[in-house]
Amino acid sequence: MKKVIFAGVLLAFCSGLILNCQPESTPVERAKVLFTQDLEVLETLVNGPLLTLAEHGSDEDSLRAAFYECRLAYKKIEHLTEYYFPVTSRILNGPPLPEYELDENKAFAPGGLQVVEEMLFPFEPGTRAELVKEVRKMQPELRRCRELWTVTEVTEAHLLDAIRLQLFRDITLGVSGFDTPICQKAIPELTTNLESLQRYVDLFAMEEGAGLDLLFEKAIVFTRKNPDFDTFDRLTFISDYINPLTGQLVDFQNALGFAPLKDLTPLRGDTRTLFDRNLFDPDFYTGDANAFTNESKVALGEKLFHEVRLSAGNVRSCASCHQPDKAFTDGLPQSVGLKGTAVARNAPTLFYAALQERHFYDQRASSLEAQSQDVIQNHDEMHGSLPEACAKLMKDSDYVLMFKKAFPSIDDIQPAHVMNALASYERTLLPFDSRFDRYMRGDKTVLNGAEKRGFNLFMGKAKCGTCHFMPIFNGTVPPTFVHSESEVLGVMTAPGSGKLDPDQGRGADYPAMPDLNRAFKIPTVRNVALTAPYMHNGAYQTLEQVIDFYDHGGAVGFGLNLPNQTLPADSLRLDAREKSDLVAFMEALTDLELRRNKIAQK
């Protein structure tokens, strides 16, 4: 076994010599060579030691060692596979959960290193055939990746953008153990990944890179000195090492003359850290340039948000259930409908709602515009008619002027204009101004010890950060922030009741996909201290109750039968202080203006 792994290391060493002996070339050309060499190392490890031991090995430790060598080899190329070949990357190292094609009612089985990990911890000889199958599934994908790379057009700006996004991936998914949930080798893998990114930056061989190289070295040393998953100081690593590094990377790119990309993406191309206040471009989620936000649309949308003429009988507005002084919630387990009875679900905050792919707890709406239409026309909520509301508004001269200013080319008010104006207002509800944000922007005086420990728990041992992804702390997956995830937790009718809430969530819309039964969108925990009660049914009154639910391992951890639960059922083994620290951190996610308003109300 040692000889086989040594062969992989020797191949990597010889590849480095070949790269260094290349005649003068461009950074992109050198990157092309380096990626090819790193990919060949991964292929050699998968086709050799891992497959051989999967087929014939009897020693569990040797099999795990071969698996881990493959993981480290993958981490050397992750920034480019994820950037250029996301489909292939998912098959090589995607989450061990099915992927759904909802329009076709199809589910596709997961594959790759995360699936293999589940088979090796522990390894059961009876699953050998399935293990071999999973390893073999990676072989054509690696060949495909190599073939695609030869014809992929790479530019210096895109290469640097891939490095920037990988650093963001490291501090969101990487440090949380998102793709190493069992073997908990996230921090050593982080070291390997940083070393690889440094190699790619060094391909530019410019004097301007000296400061960047030093920052890489400091970050790498920090991870080497602190390899333990549970005790790793994520807050210090991100604020003191990676934030300066990503900022310097932008300066480096500008010094080289490769302007940051201006493509419409969720993340703006020139942001220096993952905590810049204007990091996100919410217009990305509109899907239509005509729906982009402007100041006039926002002003109109805010007025419409409080407009009762959108409802039947002119008795309700959006603000009836999403009250600004309650962080755009209403403080009830479920909102009260038109008929005086509770609607099916809790009213979530609208803060940061713009930064997600789909809306509602069951993710049935594909845009904020569609979400507003659904609520206005819902029989239990507003029971309004958008065409009739538009006719009413056309009789109001002030509204006519506001609509003409917001939509200069229109002749009359149409439902699409109302929906877009409301959505434009919601797209401004992105303050990113909590004490946590200010800490990450350099003010080291604003967090206390409990809050700092709470962040490290949130992103580490407590595993909150593997679903509530930083920096939005919702289910929108970094670093591309395109896809919004849902989870099956097994929420109960009341804390510890032992009875599953009957709401089927996404499963109600997709009965042919049993894995989606009781699947719900992952909401943000920003401003969560102001948005009780919690969960889709509003059955959990305090954050302490929510943490206790997760600490037990959801429904299965409480002994209930829920085969499709995606939340790990093992106990987190949190002690009393750790639970208190988690609450303290989440309270530090309250935006300061909201916190001041709450204090003033008291």
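Modeller: The sulfur of C318 lies 9.1 Å from the closest cysteine sulfur, that of C321, which is too far for a bond, given that a disulfide is taken to be a pair of cysteine sulfur atoms within 2.5 Å. This is a predicted model, in which local features need pLDDT of at least 70 and side-chain atom pairs count only at pLDDT 80 or more, while totals for chains, interfaces and linings use all residues. Residues are numbered from 1 along each chain as its sequence is written, and side-chain values use heavy atoms, with hydrogens and water left out.

C318 is buried, its relative accessible area being 14%; here buried means under 20% relative accessible area, exposed over 50%, and partly exposed in between, with a 1.4 Å probe and protein chains only. For C183, the closest cysteine sulfur belongs to C70 and is 12 Å away, again too far for a bond, and C183 counts as buried at 14% relative accessibility. As a general point, a disulfide is a covalent bond between the sulfur atoms of two cysteines. By the distance rule, the count for this model comes to zero disulfides.

Helices are DSSP runs of H or I with at least four residues, strands are runs of E with at least two, and numbering starts from the N terminus. Helix α5 (residues 86–93) packs against α7 at an angle of about 150°, with the axes 10 Å apart; axes are lines fitted to C-alpha atoms, for helices over the stretch in contact, and angles run from 0 to 180 degrees between N-to-C directions. α5 is therefore roughly antiparallel to α7, since angles over 145 degrees count as roughly antiparallel, under 35 as roughly parallel, 65 to 115 as roughly perpendicular, and the rest as oblique. By class, the contact of α5 with α7 has five nonpolar, one polar and two charged residues; Ala, Val, Leu, Ile, Met, Phe, Trp, Tyr, Cys and Pro count as nonpolar, Asp, Glu, Lys and Arg as charged, and the others, Gly among them, as polar.

Helix α7 (residues 128–151) also meets helix α2 (residues 27–56), their axes coming within 10 Å and crossing at roughly 165°, so α2 is roughly antiparallel to α7. The residues of this contact divide into 16 nonpolar, five polar and seven charged.

In the loop between α6 (113–120) and α7 sits P122, which is joined to F121 by a cis peptide bond with omega about 5°. P478 and P479 are also joined by a cis peptide bond, with omega about 0°, and P479 lies in the loop between α18 (449–458) and β3 (486–488). In general, most peptide bonds are trans, and most residues other than glycine have a negative phi. Y352, although not a glycine, has a positive phi of about 70°; Y352 is in the loop between α12 (295–305) and α13 (368–377) and is buried, with a relative accessible area of 1%. F432 has a positive phi near 45° and is not a glycine either; F432 belongs to the loop between α16 (415–426) and α17 (435–440) and counts as buried at 6% relative accessibility.
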